[in-house]
Amino acid sequence: DANVIAVVASENNDLYSEEYLKQQEEEARKIEEEEEQKKEEERKRKEAEERRVALEKLRTTSIPTYSFDNVDLTKEQMTQLDTIAGIMKKYDDIQLSIIGHTCRIGYKSINLKKGLKRAEQCKIYLVEKGIAESRITTDSKGELVPKYDNTTFLGRAQNRRVEISIIEQSSLEE
């Protein structure tokens with residue numbers, strides 16, 4: 001009987017050892033899964049923060065200042081548009097509105113056309129950088145929405161600008 005008990009006890013120890021090892025493996029797997037989940041959550045949080053910062057840059061970007069009666073982009077303006085193109089390439093769901101502005105000098109009808117031409121030049125540049133044309137709308141306010149004092153030289157120069165903003169998804173769905 002002692003031999004039978006010893007064999008049964010030995011078999012039980014082996015069973016307990018196997019069960020114990022299985023439990024340890026299961027616990028290790030759970031810990032590994034939790035760590036992977038935490039890493040994934042952190043990666044998503046970082047991506048969301050990067051997107052938030054990028055969108056904040058775009059939310060209301062102003063590209064100043066154009067010389068009087070000029071619609072061509074300067075190197076500085078192109079640099080700003082390069083940054084915008086980079087953001088748009090990374091986040092392909094972003095759509096932009098580009099609105100051209102002028103100072104008050106000149107006829108309103110000509111200023112509206114000039115503002116639109118400025119906006120369209122920005123759009124053309126972004127399209128050349130690989131952004132889909134369908135993601136960008138253009139418009140002009142001409143001299144109608146001055147941001148600065150139109151009675152001073154500096155104010156008029158600052159009013160000759162292009163403003164870029166994100167078209168919010170909620171307004172697209174309405």
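**View 1. Lys90, an exposed residue, and its salt bridge to Glu50**. In this predicted model, Lys90 is exposed, with a relative accessible area of 54%, where exposed means over 50%, buried under 20% and partly exposed in between (1.4 Å probe, protein chains only). Its salt-bridge partner is Glu50, and the closest N and O atoms of the two are 3.0 Å apart; a salt bridge is a side-chain nitrogen of Lys or Arg within 4 Å of a carboxyl oxygen of Asp or Glu. The pair links distant parts of the chain, 40 residues apart, with Lys90 in helix α2 (residues 75–90) and Glu50 in helix α1. Helices (H or I, at least four residues) and strands (E, at least two) are DSSP runs, numbered from the N terminus. Glu50 is partly exposed at 43% relative accessibility.

**View 2. The salt bridge between Asp93 and Arg51**. Asp93 is partly exposed at 35% relative accessibility, and Arg51 is partly exposed at 26%.

**View 3. Arg43 and Glu40 within helix α1**. These residues form a salt bridge with closest N and O atoms 2.3 Å apart; because they are three residues apart in helix α1 (residues 2–59), about one helical turn separates them.

**Notes.** Residues are numbered from 1 along each chain as its sequence is written. Local features need pLDDT of at least 70 and side-chain atom pairs count only at pLDDT 80 or more, while totals for chains, interfaces and linings use all residues, and side-chain values use heavy atoms, leaving out hydrogens and water.
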